[in-house]
Amino acid sequence: MPLEPFKSAQALTMGVELELQLVNPTDFDLSSSATDMLHLLGRGRFPGDVKPEMTESMIEVSTDVHTRHDALLAQLWQMRDALVAAGDRLNVGLCGGGTHPFQRWFHQRIFSKPRFKEISSLYGYLAKQFTVFGQHVHIGCGSADEALHLLHALNRYLPHFIALSASSPFFQGVDTLFDSARLNSVFAFPLSGRAPFLLKWEEFEHGYFAKMEKTGVVKSMKDFYWDIRPKPEYGTIELRVCDTPLTVERAAALACYLQALCRMLLERSDPPPAEDDYLVYNYNRFQACRFGLDGMLVHPQTNASLPLREDILATLRRLEPHAAALDSRAALDELYRVAAGEGNHASFLRRQHAEEGGVEGVVDAAIRCFREEVTA
Amino acid sequence: MPEALINLMGQVAWPLALAVAWLAGELGHRWLALPRISSYGIAGFLLAAGQAGVLPEVRGGAMALLANVAFGLILFELGYRINLAWLRANPWLGLTSVVESACTFYAVFVVAQALGVPILPALLLSALAMSTSPAAVLRVVNEARSSGQVTERTLHLSAFNCVLALVVFKAVVGYEVLSSAGSVFQAVWNSLVVVLVSAGIGALFGVAVPGLLRLLGGLARNATVVFALAVLMLTALTDALKFSPLLAALAFGLVARHRRVVLSQVQRNFGALGDLLTVLLFVFVGATLDWRQAQAGIGLALAVVVVRLMAKTLATTLFARLSGITWRKGALTGLALTPLSAFAILLLEQSRHLKLDLLEEVAGVMAIALLLEVVGPLLTRWALVWAGETQRKEEG
């Protein structure tokens, strides 16, 4: 199947997908309840879209297409309330967080759907280990070439999203010392990582995708697990490195950060992206995963070493006029507080672990964060 | 010499029976996909005094206390898994429980009367029939690692109907004492006071033990042993005082959970200790059954088992949609509630001090217990499998 044509979308529109954890409120382990939740949610009118994910203990929700922060947040709140209400009726807890801190991957059940069964038989235990929870943000692009430009221009900012969203310090019962342990599970897939450096859709379509398809390795864009990938049928690029935050407020803030950043990048005042930018890409990404906001970046063009936190704060300041134009100041203010002092959700979860003395307490705190508007 | 040999056989009869039962459990699980507890019960029944005669008479004594401890651990764990907030969030669930229990009581009573059972045994039988054996349900759930709505609801409904069954049972016993001994004090003591005090002692433990754990700190490592010791103490104490160890253990778990000290995964079933005591519990329960008595009540038993299944399934199906699940899962919940044996037998066993030999008197109980010994856990297992809530083999 050849790649479908890139559908032009209204530039700078955004949409958010969240993969959420379904948890048993008794022992705080993951609960295989996706089928039951989908049944109950399917009876009413869900204010958004809700889908099954790879294993029975995950559920994925997505918003409509938005241009404004307040409208996006309002929809996320509605979706959250509907989910919590359904969870209460079924004795199922819902929470964000990139990983479940102590679930055993071999206990997970693959959701009964042909595509998931196929992936499961191909990847084996990797598929079950893929019981991790991410936030995906779509940004609408006016043209296919614009999409590829944004995709590659964003390479330098990618660690920002990892560090700001990181909420998966615990995995399989231990503190991994990573702020985002989730991404380590994603890297295990052969088609993960970065997209090839091609800036023209022509070349991407015929020079890359068609060849890959001929090898039989991939059938559609869905088979690529890239950090950012184009989504031709929506006319968007999709950022996939974020952990699902503990609150929907943070999810909305991250989406608006990306929106403002893309607005700035479309002005093309940064130096154009180059293949060599990717020399430091994996190193920077590791720094963000491992150390979160305390990571050190190497600037791809100047090769200067700079603290990730400083880079985020500087970027937020540069984005001020764009946030003003997009009316998303509140979103960027939240991220400013995170970078300037509050810390990300990974550090919040570590504090909970120290106070509660156990990984179960971590899940308990995550459930409370998701249902209430507490500041995490 | 032969006398010494017989003596020796008597000494090792119980350990031998446990080993045989365990082996049967493993083989039955592997070859016939039987829940292990079904095989334990059958092994106990076959080896019992009334059948093969390997085991000595089991009434009373140390084994009964151990069986009570084993059951106490299971009830504690069940209580710990009950989320009372769920009843508030989903009142239909509470209603399901009440209707399910009431329907069962009524249906079984009507059938027992129709088959000529006198009123008092009929009432006791109906009270017992309300309950779903928490031991069977919890063991099957843990063995299959199932999770989902049928699993959760079966566990909750089992806990609720056991409490309801126990209260009604004690009330009937109180009424019986009143009419036979004529003492109001004794009657109230044997029903109301026993229920309230048992639950009270359990609740007290539920507050004290988590408090102690918090004082000690480092609870993740110690919690299993501490809770196990507490259940041991609670069982011995309530048994000695002639209160209800069953209700006390359930109340203990329930209160401990709502005091929020979290049990970690490893401690499901109380680990290897729980596994061992479960073998003992089901062998014990199987060994209390006597083939000759069971045979006599088989007709009644069949009728009761059928109407009980119908009543439970009807109620859980009726409220399925209203409480947020599919008709199918509602019906499967009813099916999963079939097991009965352990709870009923132990309850009768514990009423021995009343000098009413209820185990023999309550017609049909033996036969029902025997019938459901294998069928009950198997139906629970099938219900969970059909609901798609267990780990499927090809992926395990």
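**Helices, a hairpin and a chain contact**

In helix α6 of chain A, the buried residues are A:Pro159, A:His160, A:Phe161, A:Ile162, A:Ala163, A:Leu164 and A:Ser165. The model that shows this is a predicted one. Helix α6 of chain A covers residues 158-165, and seven of its eight residues are buried, so the rest of the structure largely encloses it.

Two other helices of chain A pack against each other. Two packed helices are described by the angle between their axes and the distance between the axes. Here the helices are α1, residues 34-43 of chain A, and α2, residues 69-90 of chain A; the angle is about 120 degrees and the axes are 10 Å apart. An angle of 65 to 115 degrees would count as roughly perpendicular and one over 145 as roughly antiparallel; α1(A) and α2(A) are therefore oblique to each other. The crossing in which α1(A) passes α2(A) is right-handed. On the α1(A) side, the contact is made by A:Asp36, A:Met37, A:Leu40 and A:Leu41, and on the α2(A) side by A:Ala82, A:Ala86, A:Arg89 and A:Leu90. Sorted by class, this contact of α1(A) with α2(A) has six nonpolar residues, two charged residues and no polar ones.

Chain A also has a pair of strands. Strand β2 spans residues 49-52 of chain A and strand β3 spans residues 58-62 of chain A; they run antiparallel and are joined by four bridges. A:Lys51 stands opposite A:Glu60, which is in β3(A). The link from β2(A) to β3(A) is a hairpin through five residues.

The next topic is the contact between the chains. There, 22 residues of chain A are in contact with 22 residues of chain B. On the side of chain A that touches chain B, α1 and α2 of chain A each supply at least two residues. The most comes from α1(A), which gives four residues to that side. By class, the residues on the side of chain A that touches chain B are five nonpolar, ten polar and seven charged.

One residue of chain B can be followed on its own. B:Ala89 lies in helix α4 of chain B, residues 84-89. Is B:Ala89 buried or partly exposed? With 15 other C-beta atoms within 10 Å, B:Ala89 is partly exposed, because a buried residue needs 20 or more such atoms and an exposed one has 12 or fewer. Leaving aside residues up to four places away in sequence, B:Ala89 touches A:Asp88 and A:Arg89. Within chain B, B:Ala89 and B:Thr104 are 15 residues apart in sequence, and their C-alpha atoms are 25 Å apart in space.

Notes:
Residues numbered from 1 in each chain as written. Chains lettered and ligands numbered in written order. Predicted model: local features only at pLDDT ≥ 70, side-chain atom pairs only at ≥ 80, totals over all residues. Axes fitted to C-alpha atoms, helices over the stretch in contact; angles between N-to-C directions. Parallel < 35°, antiparallel > 145°, perpendicular 65-115°, else oblique. Left-handed = near helix turned anticlockwise from the far one by under 90°. Contact = placed C-beta atoms within 7 Å. Nonpolar A, V, L, I, M, F, W, Y, C, P; charged D, E, K, R; others polar. Pairing = 2+ DSSP bridges.
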